Amino acid sequence: MLTRIWELMESGADPDVVRDAYAKLLLLFNVGTHLPGGDLRGFQLHLWMKRGVFKNMISRDYVTEKGGQKVIPAKPVFAELKLRPDEVAEIDFRFEALRPYLKI
């Protein structure tokens, strides 16, 4: 999607189209601030699985909590991200807004 926005900018496309695509992408990125998994292993895992890239939502988690403090474990912890139906619906809703700009 970032590539598509860049192409729109370089092509001299209508600035309103570029702003619309970028705003919708930011809306999707912002979902990571309030869903489980955060920015690195959160909503993107659902999207990659939905698009057929991954078969599950298992990933490494490099930060754990110990005594209320975030620490980096000696070895990565593998865990499957669990999302509630309402969280999946929110991700899908925001992703659908980008569909007109996707090449595939």
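Is arginine 94 buried or exposed, and what is its relative accessible area? In this predicted model, arginine 94 is buried, with a relative accessible area of 11%, where buried means under 20%, computed with a 1.4 Å probe on protein chains only. Local features are reported at pLDDT of at least 70 and side-chain atom pairs at pLDDT 80 or more, whereas totals for chains, interfaces and linings use all residues. Residues are numbered from 1 along each chain as its sequence is written, and side-chain values use heavy atoms, without hydrogens and water.

Arginine 94 sits in helix α4, helices being DSSP runs of H or I with at least four residues, numbered from the N terminus. Its side chain reaches the backbone oxygen of leucine 27 at 2.6 Å, and, beyond residues up to four places away in sequence, arginine 94 touches Leu27, Leu28, Asn30, Val31 and His34, contact meaning heavy atoms within 4.5 Å.

In α2, Val18, Ala21, Leu25 and Leu28 are buried; seen down the helix axis, the buried residues fall within an arc of 95°, so they line one face of α2, the arc being that of the directions from the axis to the C-beta atoms. Among the elements covering these residues are α1 (2-11), α3 (43-50) and α4 (85-96).

The largest nonpolar core has 19 residues, and those with the most contacts inside it are Leu28, Val31, Phe43, Leu47 and Ile91; such a core is a set of buried Ala, Val, Leu, Ile, Met, Phe, Trp, Tyr and Cys residues joined through side-chain atoms within 4.5 Å. Its largest share, four residues, comes from α2.

Technical notes
Buried < 20%, exposed > 50% of the residue type's maximum accessible area, 1.4 Å probe, protein only. Helix = DSSP H or I, 4+ residues; strand = E, 2+ residues; numbered from the N terminus. Polar contact = N/O pair within 3.5 Å; in protein donor to acceptor, adjacent residues only side chain to side chain.
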